[in-house]
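Subject: Structure handover

Hello,

Here is the structure I said I would pass on. My notes on it follow below the display.

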Amino acid sequence: MVRVADNEQYDRQDLPSTGARPALGDAISMSEVLRVPSLLGAEVLAGSSGMGRSVLLVNVMEVPDILPWVRPQEMLLTTGYPLPQEEAGLVGLIHDLADRELAGIAIKSGRYLDSVPHAVRQAADQRGFPVIELPATAAFDRIINDVVARILNRRADVLKRAEHVLGELVSGVVTGGDLTQICRGLLSRIGDAALVTTADGRVLAECGAGRFAEELDVLRELDCFDRSGRFLVEAEPTHISRHGGDGMHWLSVGVHGGTRDIGRLVLFGRQPMGAEDAHLAEQAAAAAALVITKQQAVQAVESKYQADFLHDILRGRAGTRRDILSHAQSLGWDLDRPLLVVVAEANHGAGPGEDEIPGEEVRSLQERFATAWTNTVRRHDPQAAVVWSSDEVIAVFGIDPQARQDEALALVEGFARAVRGLGGGGRRTFSTGISRTLDDVLRLPEAYEEARKAVEVGRRMDGNQSVRHFDSLGVFRLLSLIPDTQELYAFAVETLGVLATDDKPEYADLRRTLAVLLEHNLNVAETARALHFHYNSLRYRISKLERMLGPFTRDAQRRFAITLALHALQLTDR
């Protein structure tokens, strides 16, 4: 057995196409094989529908047990000697070779096999597996040389075209080209539409050709996008031509800035795409990486400048109202209207394995988190101010001055859901605080502190994904002013006694009963319904609580102290 053309790098089955195997960029089709000089005079006996199968290897079949050794995209050459002599065996061999995704088989006519049986031809036609009859004078060594030469020439052509594409795209980038121009340059060679996304799938630029020049929105209906129009990078593998509705195919490749994953380049077309298309897309992705890296560098400077200005406002160091509004307008912010301040803060160590995440990846996660908030808020209000630093995102945006607290809360809860899910904000958990509506930009420092307080108290009250409005904090606003949580816990223990502890499992259960009873203003019937207790069972629990805490049902001052102690306990770390 003779094997040519090393196949190791193509061992992955990762580029589906119309044939049994992908049409790799440096492979040639069976039709092209028949055009090499040494195969002139060869005849296609059966399986002509599979002449588009790709040939990357040539293998001479000399032994009967060839099946364990064959590999996809091989064309087998044989004299007919090792082939099964009975018709059933030949039919089975054709099916086995087709199952293994071979390109085809070429049989030299002569003494070992006078003719190919009809049943064998039927099987080959059924599977679209080409069976070629070679002239008796055909020389296997010449066939191998000719086919390998054609494959190597194809590979050289692909590389030359890819280098030319990369040179053109990089030249465009150097002269000021953007991501849209890169997509357009790629579409001049392959595909019907192209887009570039961030590392978490948010579209940065897109371009279409033909009917897609004006109808790019139809792509969002493909199952590679979610409802928000984000490309599902977490579900879409790279370098695989996929097929969806409306006869569309797509192929994505990674955009890398050094060792960092900074995006995806996705190519759409009405035809399947193979490795040559992927190779060209990779060149475009390399050019896109230059643009994105440059944009990120500029954005980093702009973001720091914007963050510094907003923090100056929050510290009262940004000058007069006129100075602030003028500077904000130059940044594209409109702060001369009723505003809401929202603070979103990542929770340290709250995500799965977050404490073990390397520092560089943590920064990348925070950038995605901040970018998701920026995009989400600015879709609602393009003139919003959104800045971030460390683990905090601050958003200042317009609000209807008549909006109620619950309306503002619902709006920001929608933002938070989008960032956690469809917005692609990454896997960091975060807590969110909302200020009161302010009507004067000089009140921004006060509103920021309100939002910060809502984050801090909300996290203690509701856990690591809280969304709290400052006005919903109630008495917690006052309790949060006490910086020493040990003092709060001491007050809770003094008031609640052992109920402030978890020394016994029943204490937590009794605390819940007490809290619900107080919420329902000591109405036993309503409390029993809320807790799904029998009326008499609840009366028994109330008697037990009064033995432990005193006659709180008749003593308003004691009842107030108990309520305050329960609230204080929520703000402690116990």
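The model is a predicted one, and it holds two cavities of 30 Å³ or more. The largest cavity contains about 60 Å³ of space. Eleven residues line it, and Leu83, Leu90, Ile94, Ile107 and Val120 are the closest to its centre. Two elements, helix 2 (87-99) and strand 6 (104-108), each supply at least two residues of this lining. Helix 2 has the largest share, with three residues. By class, the lining of the largest cavity is made of eleven nonpolar residues, with no polar and no charged ones.

The largest pocket holds about 1,200 Å³ of space. Its lining has 42 residues, and those nearest the centre are Arg202, Gln296, Gln299, Glu367 and Thr371. Strand 9, strand 12, helix 6, helix 8 and strand 14 are the elements that give two or more residues to this lining. Helix 6 gives the most, twelve residues. The lining of the largest pocket divides into twelve nonpolar, 17 polar and 13 charged residues.

The second largest pocket has a volume of about 450 Å³. It is lined by 18 residues, of which Arg511, Ala515, Leu566, His567 and Gln570 are the closest to its centre. Helix 13 (505-519) and helix 16 (556-570) each contribute at least two residues to the lining; helix 13 gives the most, with seven. Nine residues of the lining of the second largest pocket are nonpolar, four are polar and five are charged.

Now the nonpolar cores. The largest has 27 residues, and the members that touch the most others are Leu179, Ile182, Leu186, Val255, Leu265 and Leu267. Two or more residues each come from helix 5 (179-187), strand 8 (193-197), strand 9 (203-208), strand 11 (249-257), strand 12 (260-269) and helix 6 (275-314). Helix 6 provides the largest share of this core, ten residues. Apart from this core lies another, of 26 residues, including Ile324, Trp333, Val343 and Val387. To return to Leu267: leaving aside neighbours within four places in sequence, its contacts are Leu186, Leu187, Ile190, Gly191, Ala193, Ala194, His249, Trp250, Leu251 and Met273.

Strand 8 can be described in some detail. Five of its five residues are buried. Ala193, Leu195 and Thr197 point one way from the strand, while Ala194 and Val196 point the other way. Strand 8 pairs with strand 9 in the antiparallel sense over five bridges, and Leu195 stands opposite Glu206 in strand 9. The hairpin of strand 8 and strand 9 has five residues between the strands, and Gly201 takes a positive phi near 95° there. Strand 8 also pairs with strand 12, again antiparallel and over five bridges; here Val196 stands opposite Leu265.

Is Gln383 buried, exposed or partly exposed? Its relative accessibility is 40%, so Gln383 counts as partly exposed, since that class covers what lies between under 20% and over 50%. Not counting residues up to four places away in sequence, Gln383 touches Gly332, Trp333, Asp334 and Arg337. Gln383 and Leu335 are 48 residues apart in sequence, and their C-alpha atoms are 8.5 Å apart in space.

Regards

Technical notes: Residues numbered from 1 in each chain as written. Predicted model: local features only at pLDDT ≥ 70, side-chain atom pairs only at ≥ 80, totals over all residues. Heavy atoms only, no water. 1 Å grid on protein atoms, 1.4 Å probe; cavity = no way out; pocket = protein on both sides within 12 Å on 5 of 7 lines; lining within 4 Å. Points joined across faces, edges and corners; volume = space filled by probe spheres on them. Helix = DSSP H or I, 4+ residues; strand = E, 2+ residues; numbered from the N terminus. Nonpolar A, V, L, I, M, F, W, Y, C, P; charged D, E, K, R; others polar. Core = buried A, V, L, I, M, F, W, Y, C linked by side-chain atoms within 4.5 Å. Buried < 20%, exposed > 50% of the residue type's maximum accessible area, 1.4 Å probe, protein only. Contact = heavy atoms within 4.5 Å. Pairing = 2+ DSSP bridges.
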